[in-house]
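Have the structure open while you read.

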Amino acid sequence: MKELSDARMADAGLRLLVKRDDLIHPEMPGNKWRKLKYNLAFARSSGATTLLTFGGAYSNHLGATAAAGAYFGFGTIGVVRGEEHLPLNPHLRAAVEHGMRLTYMDRKTYREKTRATVIDALHCEFGQFYLLPEGGSNALAVRGCAELPAEIEEDFDVICCACGTGGTLAGIAAGLPPGRRALGFSVLKGGQFLDAAVRELQSGDSGNWRIETEFHFGGFAKRTAELDGFIDDFERQHGIRLEWVYEAKMMYGIFALAQRGECKPGTTIVAVINA
Ligand SMILES: *Cc1c(COP(=O)(O)O)cnc(C)c1O
């Protein structure tokens, strides 16, 4: 945990702390490890030897699953959205170097990947496997992420994270002590669907969270000059180079809300950094 000293926060009467969950492991950072942990234990105890999961070509989850498979002795299959592009990008190359077998799925089928017919076809092709949903987000992932708040020793009011599938936010919110709130920042355009996703992942609604949907900068893995400027300035001021797909959008959002006066003076904010 590190407190950032920043005039924009101080002027709004706020404290901003960062939790460096990215430092947990270089290949299975933060939320990716938390989401895998109980899934790996369950896969092992149910006798599975292969993990299969889904992701876009820039998915951090595919790489983390490949690394986990290599460390814990599972075969891994990554179902990638869209067509194969060669040479592989660094994300997918790292996954393959950990022994992940990649297969590609057209976008229409990919949208229907939770259907039994699609999963049955994958079983026909690849045999038995333990299925991890896209982003690794399921009930066991929520349980893993729910362990995060208890690791924070300082008192705080609001905890923030970036949202892709909503699994990390669902878990953090589920693990919060009474009176604290979780705030997610969608990195996807049209992130309103995430509200329902979080409720489904929590099998209910812990009622202590909210998702900001306006800081997507054009959509997933899209960036603008304004965002890049924010990243450079943040690095100059705080010595942390924010990862741009997720973390920079969350941090930009936190500063924007603070400067608009949307946070009560005296509030302590924790920003969770996962990459
Ligand atoms: C995967 C990822 C997220 C999104 O987590 P979800 O549980 O899918 O919402 C956020 N930040 C980083 C750095 C990630 O790699």
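## Where α2 meets α3

On the α2 side, Lys32, Trp33, Leu36, Leu40 and Arg44 make the contact, and their partners in α3 are Asn60, His61, Ala64, Thr65, Ala68 and Phe72. Sorted by class, this contact of α2 with α3 comes to 6 nonpolar, 3 polar and 2 charged residues. Bear in mind throughout that this is a predicted model.

Two packed helices are described by the angle between their axes and the distance between the axes. For α2 (residues 30-45) and α3 (residues 60-72), the axes come within 11 Å and cross at roughly 45°. That angle makes α2 oblique to α3. As for handedness, α2 passes α3 in a right-handed crossing.

## α3 again, now with α4

Turn to the pair α3 and α4: their axes come within 8 Å and cross at roughly 15°. So α3 is roughly parallel to α4. The crossing of these two, α3 and α4, is left-handed.

Who does the touching here? From α3 it's Asn60, Leu62, Gly63 and Ala66, and from α4 it's His91, Leu92 and Ala95. By class, the contact of α3 with α4 has 4 nonpolar and 3 polar residues, with no charged ones.

## Around the ligand

How many residues surround the ligand? There are 16, and the closest are Lys32, Lys35, Gly164, Thr165 and Thr168.

For lysine 35, a polar side-chain atom lies 2.6 Å from an oxygen atom of the ligand. Asparagine 60 has a side-chain N or O atom 2.8 Å from a ligand oxygen, and for asparagine 31 the distance from a polar side-chain atom to an oxygen atom of the ligand is 3.2 Å.

## α10 against α11

In α10, the residues involved are Glu226, Leu227, Phe230, Ile231 and Phe234, and they meet Ala248, Lys249, Met251, Tyr252 and Phe255 in α11. By class, that contact of α10 with α11 has 8 nonpolar, no polar and 2 charged residues.

Most residues other than glycine have a negative phi, and most peptide bonds are trans. Two spots in this model go the other way. The peptide bond from leucine 86 to proline 87 is cis, with omega near -5°. You'll find proline 87 in the loop between β4 (75-81) and α4 (90-97).

Which residue other than glycine has a positive phi? Serine 203 does, with phi near 50°. Look for serine 203 in the loop that runs between α9 (193-202) and β9 (209-212).

Key
Residues are numbered from 1 along each chain as its sequence is written. This is a predicted model: local features need pLDDT of at least 70, side-chain atom pairs count only at pLDDT 80 or more; totals for chains, interfaces and linings use all residues. Side-chain values use heavy atoms; hydrogens and water are left out. Axes are lines fitted to C-alpha atoms, for helices over the stretch in contact, and angles run from 0 to 180 degrees between N-to-C directions. Helices (H or I, at least four residues) and strands (E, at least two) are DSSP runs, numbered from the N terminus. Angles under 35 degrees count as roughly parallel, over 145 as roughly antiparallel, 65 to 115 as roughly perpendicular and the rest as oblique. A crossing is left-handed if the near helix is turned anticlockwise from the far one by less than a right angle, and right-handed if clockwise. Contact means heavy atoms within 4.5 Å. Ala, Val, Leu, Ile, Met, Phe, Trp, Tyr, Cys and Pro count as nonpolar, Asp, Glu, Lys and Arg as charged, and the others, Gly among them, as polar. A residue is near a molecule or strand if one of its heavy atoms lies within 4 Å of it. A polar contact is a pair of N or O atoms within 3.5 Å; within protein, one must be able to donate a hydrogen and the other to accept it, and residues adjacent in sequence count only if both atoms are side-chain atoms.
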